[in-house]
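Biologist: I'm new to this one. Can you put it on screen and walk me through it?

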Amino acid sequence: MAAFPPVRIPYGCQSIDQQDINAVMTVLQSDWLIQGPQLPRFEAAVAEWVGAAHGVGVSSGTAALHLACLALGVGPGDLVWTSPMSFVASANCARYCGADVDFVDIDSLTGNMDSALLESKLQQASISGRLPKVLIVVHFAGQPVDMEVIARLAVQYGVAVIEDAAHALGARYQDHAIGACRYSQIAIFSFHPVKAITTGEGGMAVTNDATLAVRMMELRSHGITRDASRMQGEVQGPWYYQQIALGYNYRMNEMQAALGVSQMTKLAGFIAARNRLARQYQNLLSDLPLILPVVGEGRESAWHLYVIQVEDPAIRLEVFNALRAAGIGVNVHYIPIHTQPDFQRLGFKEGQFPNAEVYYGRAISIPLFPTLSDLDQQYVADTLRKILTHR
Ligand SMILES: *Cc1c(COP(=O)(O)O)cnc(C)c1O
């Protein structure tokens, strides 16, 4: 491995200001570090922003995916489909439930699941009698999946839909924010530091279905309820609670939730800044031998990532190394999940989802975050131009 200089411009990073710091400090001096008033406030803020009825805040996006699968009844013997072009968590959540995972290949232009491939795979699965219970779609890089098509197929074949919207807080599809769940049962967000807003670690599931929301709230805290109507038998006293299912400790603490409330007040500005930078990249890079991201009609991307594809995959490593050597913190999204050793062990083979593999072979994520300066962005573009034209 080449020894690189320190990263001067990361590919993504959080934006924390004094208001955020004050919000966390206030909690530290308050009575509640967990299970206080901040989490319900944060849940309401996110749910209201995206236009969903319920928000369930948890310890990570991965925990939200796990609880979403459990709430929809995913268990041993069930099948869950997702996109190979995602973070491993999109597939692991089904495995946590004891279910089997399979993938639907992507559209090479958007990196999102290809709905034509989904349709033919559903047709075949219907004939062979092994339809998935749940489909997890991923809004890759912040660009919404064509949810209307997905929902039509899901209804036709009786499949529930989870939106892995870890990249897509702030994105819009048709006239609604991603997370409004007009075409899905549950959507999940991540608040990892490189995502649209951060709580350090953290995640949230949003839904319009009160039953699913209650289930996820119980499962995030040991499967315990204090609601008499959910219990068997008598309430034995004011202290009483019952464990009614096997749950987890997936709670989000009050420092995280307060940071989240504060970050939400700035989300619109963060997304506007990302959009402006993405437009500028488009202008700065359009004449280079690169395939640049395109946003489909009726969609607004949250621009979580700016993924360029080098036209010639043979030079990807060289381009990547040259950018890193220039102090630019590039990354690659994603190594297709099915090629990971722990998935190959399950029987997945290289070559099985060729569009994702080709995309991976060309992809480089270049810096994009709200506080990226025009000067630094210009430096990234100039460096890329030099690398691609002077080789
Ligand atoms: C970040 C991410 C997750 C996991 O979120 P965590 O909060 O890190 O657990 C899941 N899916 C996708 C697509 C992600 O990018």
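Biologist: Which residues does Ser86 touch, not counting residues up to four places away in sequence?
Modeller: Ser86 touches Val138, Asp164, Tyr334, Ile335 and Ile337, where contact means heavy atoms within 4.5 Å. Keep in mind that this is a predicted model, in which local features need pLDDT of at least 70, side-chain atom pairs count only at pLDDT 80 or more, and totals for chains, interfaces and linings use all residues. Residues are numbered from 1 along each chain as its sequence is written, and side-chain values use heavy atoms, with hydrogens and water left out.

Biologist: Where does Ser86 lie?
Modeller: In the loop between β2 (79-82) and α4. Helices (H or I, at least four residues) and strands (E, at least two) are DSSP runs, numbered from the N terminus.

Biologist: Is Ser86 buried or exposed?
Modeller: Ser86 counts as buried, because its relative accessibility is 4%. Buried means under 20% relative accessible area, exposed over 50%, and partly exposed in between, with a 1.4 Å probe and protein chains only.

Biologist: Which side chain joins that of Ser86 in a polar contact?
Modeller: That of Ser90, at 2.6 Å. A polar contact is a pair of N or O atoms within 3.5 Å; within protein, one must be able to donate a hydrogen and the other to accept it, and residues adjacent in sequence count only if both atoms are side-chain atoms.

Biologist: On to the ligand. Which residues around the ligand come nearest?
Modeller: Of the 15 residues around the ligand, they are Gly61, Thr62, His167, Ser190 and Lys195. Near means that a heavy atom of the residue lies within 4 Å of the molecule or strand.

Biologist: What part of Gly61 is 2.8 Å from a ligand oxygen atom?
Modeller: A polar backbone atom. With His167, a polar side-chain atom lies 2.8 Å from an oxygen atom of the ligand. Tyr334 has a side-chain N or O atom 3.2 Å from a ligand oxygen. The ligand taken alone exposes 380 Å², and the protein buries 93% of that; these areas come from the Shrake-Rupley method with a 1.4 Å probe, and for residues only the protein chains shown count as cover.

Biologist: Which helices each supply at least two residues of the shell?
Modeller: α3 (61-71) and α4 (89-96).

Biologist: And the whole protein, how many helices and strands?
Modeller: There are 13 helices and 15 strands. Of the 391 residues, 55% count as buried.
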